Amino acid sequence: MRKVTVIGCGAWGMALASHLARLGHDVIVWCHSAEIAEQMRNERALPKVFPGITFPDYIRYTDDRKRAASERDLLVFAVASPFTRSTAKQFAPFIPEDQRIVTVTKGIEDETLMTQTQILRDVLPGRRIGALSGPTHAEEVIRSMPTAIVSASPDRELAEYVQDVFMAPYFRVYTSPDELGVELGGSLKNVIALASGMVDGMGDQFGDNCKAALMTRGIHEMKGLAIRMGAKDETLSGLSGIGDLIVTCMSRHSRNHRAGILIGQGMSCTDAMKEVGQVVEGYYSAKSALGLAKKYGASLPITEEVNRILFEGKRPKDALVDLMMRNRKSEDLVSGEDLPECWQRDSSR
């Protein structure tokens, strides 16, 4: 049994807290107010998110940061990405040196272009930090449905420790040293999922061919940027890249896909976010992704068009037409001088 604190009592935090409690761990969940902590103690449920589900009664809830962080084997950061830095600052005085921490949040900070682990290391120097990410919807994890995920950190002992803590017959955990690639995959795919939802929202005029192309070129964009930043191609081809992209673009549980559907149907971006009722991470990651693309010289045409829809009022249909009518090019990632010899002789076309 391990002593684990989950920082954040939203859907993902509570799905993981319930999973850990079922495995026999000593679980505390930190809530951002005394009122919410008391409500969670009394109701042990989030009926709007998990209808019919009651959380294990041996999970404890608190709004006391010192209690939540003191003498714990593992801290799990599960707050929404816009609040990671502020929450970490609030916890900093109470988190011991060399504390094991794993973030399960996906997103890139807008102003600094930092990933979640980079934010935590910036605010909490000296702690042992990693990421846990993959194709995982809270609605399925809470029901113990088969799931696979990746524990990533350059600190191998930490990655394997997190693997041991979370591993279960229905929850398979892989490890990876490519923390950056795992985090970028988990963040960038949300932007593509918004676009995928828009395609579905526009109805029968755009079908499966269009969506398949969008997802495939989406992983192309994700890889192009991630590799330039130092991540590994195979990471983006794995669970936290293609796997997470598939589930977020296809699942009825996806907040990003749902928001995209509403925008594709003609709803304003602001109203779509309100209708979804939870943080839509792709909305925040879209600008950050463009910032990273500019910094590292990567081409992200889908992400550029999503930004124009979200922040400049462009119609999704017009954005799709502009994507289709871009200059002709080879599908290959390689540059002209790397093409086969037979193509190099006619590379002007």
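Me: Is Gln99 buried or exposed?

Reply: Burial is read from relative accessible area, where buried means under 20%, exposed over 50% and partly exposed in between, with a 1.4 Å probe and protein chains only. Gln99 counts as buried because its relative accessibility is 5%. This is a predicted model, in which local features need pLDDT of at least 70 and side-chain atom pairs count only at pLDDT 80 or more, while totals for chains, interfaces and linings use all residues. Residues are numbered from 1 along each chain as its sequence is written, and side-chain values use heavy atoms, with hydrogens and water left out.

Me: Where is Gln99 placed, and which residues is it in contact with?

Reply: Gln99 sits in the loop between α4 (84–91) and β5 (100–103). Contact means heavy atoms within 4.5 Å, and, leaving aside neighbours within four places in sequence, Gln99 is in contact with Ala69, Arg72, Asp73, Leu74, Leu75, Arg127 and Arg128. With Arg72 there is also an approach between polar atoms, as the side chain of Gln99 reaches the backbone oxygen of Arg72 at 3.1 Å.

Me: Which residues have the most contacts inside the largest nonpolar core?

Reply: A nonpolar core is a set of buried Ala, Val, Leu, Ile, Met, Phe, Trp, Tyr and Cys residues joined through side-chain atoms within 4.5 Å. In this structure the largest such core has 47 residues, and Leu184 and Ile263 have the most contacts inside it. Two or more residues come from each of α8 (179–201), α9 (208–228), α11 (239–250), α12 (255–264), α13 (269–276), α14 (281–296), α15 (301–312) and α16 (316–324). The largest share of this core, 10 residues, is that of α8. Not counting residues up to four places away in sequence, Leu184 touches Ile108, Thr115, Ala226, Met229 and Leu292. Apart from this core lies another, of 41 residues, which includes Leu20, Ile59, Leu132 and Val165.

Me: How should I read a pocket, and what is the volume of the largest pocket?

Reply: On a 1 Å grid over the protein atoms alone, a pocket is an open set of points with protein on both sides within 12 Å along at least five of seven lines, a cavity is a set where a 1.4 Å probe fits but cannot get out, and lining residues have an atom within 4 Å of a point. Points are joined across faces, edges and corners, and a volume is the space filled by probe spheres set on them. The largest pocket has a volume of about 1,500 Å³. Of its 45 lining residues, Gly10, Ala11, Trp12, Arg255 and Gln278 are the closest to its centre. Among the elements that each supply at least two residues of this lining are α1 (11–22), α2 (34–43) and α6 (138–141). For the classes, Ala, Val, Leu, Ile, Met, Phe, Trp, Tyr, Cys and Pro count as nonpolar, Asp, Glu, Lys and Arg as charged, and the others, Gly among them, as polar. On that basis the lining of the largest pocket divides into 19 nonpolar, 16 polar and 10 charged residues.

Me: Which element gives the largest share of the lining of the second largest pocket?

Reply: That share, 13 residues, comes from α9. The second largest pocket has a volume of about 830 Å³, and of the 30 residues that line it, Arg217, His220, Pro301, Arg326 and Lys329 are the closest to its centre.

Me: How many cavities of 30 Å³ or more does the structure hold?

Reply: There are three cavities of 30 Å³ or more. The largest cavity has a volume of about 110 Å³, and of its 13 lining residues, Ala195, Ile309, Pro316, Leu320 and Leu323 are the closest to its centre. By class, this lining has 12 nonpolar, no polar and one charged residues. The second largest cavity holds about 60 Å³ of space, and its lining divides into four nonpolar, seven polar and two charged residues.

Conventions:
Helices (H or I, at least four residues) and strands (E, at least two) are DSSP runs, numbered from the N terminus. A polar contact is a pair of N or O atoms within 3.5 Å; within protein, one must be able to donate a hydrogen and the other to accept it, and residues adjacent in sequence count only if both atoms are side-chain atoms.
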